[in-house]
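I opened a new notebook page for this chain. My plan was to look things up one at a time and write each down.

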Amino acid sequence: MNYSLFLNDSYYLYLFNQNQDILYMMLLLRLIRESYLFALQEIVVNRVRTVLSLLGITIGIFCIISVFTIFDSLEIAIRTNIASLGNNVLFIEKWPWVGGSDFPWWKYWQRPEGKLDEMKEIQKRSALTDVTAFIVGANKTVKFMNNYVENVSVTGVSQDFDKVWNFEIEKGRYFSPIESNSGKNVAIIGNEISENLFQDLYPVGRKIKIFGRNIEVIGVMKKQGEDMFGSGNDRSVFLPINYFKTLVNIDEMGTSIIVKAKPLVSNDELKDELTGIMRSIRKLKPQADDNFSINETSLITAELDSLFAVIGTVGWIIGGFSLLVGGFGVANIMFVSVKERTSIIGIQKALGAKNYFVLLQFLFEAIFLSLLGGILGLLIVFILVMIITNTTDFDLILTVKNIVLGISVSAFIGLIAGIVPAWTASRLDPVEAMRTGM
């Protein structure tokens with residue numbers, strides 16, 4: 001160790017008189033540098049002991065950040081899918097989206113399904129509605145010549161469905177008003193359906209068979225991929241609702257009336273208006289309960305907030321035990337380091353080093369050691385994120401927030417683990433320290 005810092009008294013006295021801030025900055029930088037060098041020396045001289053001691057920090061940071069990375073990625077994907085529906089869109093349905101342990105399913109089961117005529121009445125009566133759409137679907141097999149795709153979501157939709165649902169037409173076009181109103185046998189199909197049925201053939205203008213009927217393809221949707229709920233438009237077929245209802249009895253199927261609010265109209269305002277309109281349409285008495293549910297995406301996001309709060313707690317519990325063990329490991333390293341450098345501490349204090357200097361020196365060393373373990377844990381997480389993202393369809397994202405969290409937790413563990421050894425070192429008597437180290 002270079003002791004010139006303590007020997008050149010006249011130079012530092014002059015510097016102190018000129019500018020105390022510069023002196024304190026130089027001392028702090030020198031202190032950090034020496035602490036960093038001591039931490040590296042500890043790793044080089046006692047590789048096995050140090051690595052084993054830091055393994056707890058590495059595993060703890062890995063556990064916490066990997067859990068947060070996975071569920072942050074899930075949350076981002078889920079919220080993106082939900083947001084694609086729009087925040088100003090309401091869904092009038094038989095069943096509510098939110099349940100619980102006391103969910104009265106028998107009550108909701110007796111409710112009637114939404115009707116196409118009810119959507120038309122909403123269009124006439126509502127002053128706050130911008131767009132309305134009606135959807136009803138069933139899973140069927142779709143055929144073209146000798147090719148077929150099973151378990152396809154075949155959905156009957158009203159004319160304005162494209163204004164409330166997230167999809168793009170890649171080939172062809174959407175339904176015209178005449179096709180929707182007259183119930184023409186035309187279809188818009190998903191990208192996966194097109195690839196499996198037509199392969200290299202151009203799909204628009206060809207006829208597929210559903211429900212035993214020939215239906216002309218007028219459009220193909222852009223490839224979208226499955227969302228976090230396992231659904232998507234790639235395996236979907238859209239038919240005009242007025243044609244779809246000639247194939248099946250839609251009164252016996254699950255339906256949904258989708259209502260989009262006008263600009264500057266809140267969901268609460270629209271919900272209040274729709275509640276009054278629906279109660280009027282269904283002729284409910286004032287004391288009768290609603291026999292319909294008005295759902296919105298905020299219901300799902302509220303449930304997600306509570307879910308991910310629980311998941312976050314679980315992540316801290318999983319990594320907390322490893323971090324506790326890692327903290328004891330760092331403390332053990334620092335106690336050994338204090339014992340090995342007792343004579344050096346005595347010399348430093350004999351040459352004028354203050355207690356806080358010795359305290360900070362060992363405290364910084366503990367933080368550096370803990371940071372090394374934390375950075376190694378983050379590196380492992382980063383490698384796994386790259387492997388999973390490049391080999392699967394699920395995109396993992398190691399966010400800056402989680403990186404900062406990992407580094408901050410590592411530094412905090414080092415601070416806590418090093419405070420007692422550093423305090424012990426700073427309180428050593430110079431004479432006793434030099435005598436003990438000889």
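**Ground rules.** I am working with a predicted model, where local features need pLDDT of at least 70, side-chain atom pairs count only at pLDDT 80 or more, and totals for chains, interfaces and linings use all residues. Residues are numbered from 1 along each chain as its sequence is written, and side-chain values use heavy atoms, with hydrogens and water left out.

**Whole chain.** I looked up the secondary structure and found 15 helices and 10 strands. Both are DSSP runs numbered from the N terminus: helices are H or I with at least four residues, strands are E with at least two. Of the 438 residues, 44% are buried. Buried means under 20% relative accessible area, exposed over 50%, and partly exposed in between (1.4 Å probe, protein chains only). I then checked contacts (heavy atoms within 4.5 Å). Among those with a separation of 6 or more, 77% join residues 24 or more positions apart.

**Strand β2.** Which strands pair with β2? One is β9 (residues 255–261), joined to β2 (residues 129–144) by seven bridges and running antiparallel. Two strands pair if DSSP finds at least two bridges between them. I135 has S256 in β9 as its bridge partner. The other is β3 (residues 147–157), antiparallel to β2 over nine bridges. Here K143 is bridged to Y148. I also looked at the hairpin of β2 and β3, which has two residues between the strands. There, M145 takes a positive phi near 55 degrees.

**Rings.** I searched the whole structure and got nine aromatic pairs. Rings of Phe, Tyr and Trp (its six-membered ring) pair if their centres lie within 6.5 Å; planes under 30 degrees apart count as stacked, over 60 as edge-to-face and the rest as tilted. F144 and F198 have ring centres 4.5 Å apart and planes at 55 degrees, so I noted the pair as tilted. F144 is in β2 and F198 in helix α8 (residues 191–198), so this pair ties together parts 54 residues apart in sequence. Both F144 and F198 are buried. Next, F161 and W165 have centres 5.6 Å apart and planes at 20 degrees, so they are stacked. F161 is buried at 2% relative accessible area, while W165 is partly exposed at 28%. Ring pairs link F161, W165, F167, Y174, F175 and F238 into a cluster.

**R341.** Is R341 buried or exposed? R341 is buried, because its relative accessible area is 9%. R341 sits in the loop between α11 (297–340) and α12 (342–350). R341 and M434 are 93 residues apart in sequence, and their C-alpha atoms are 9.7 Å apart in space.
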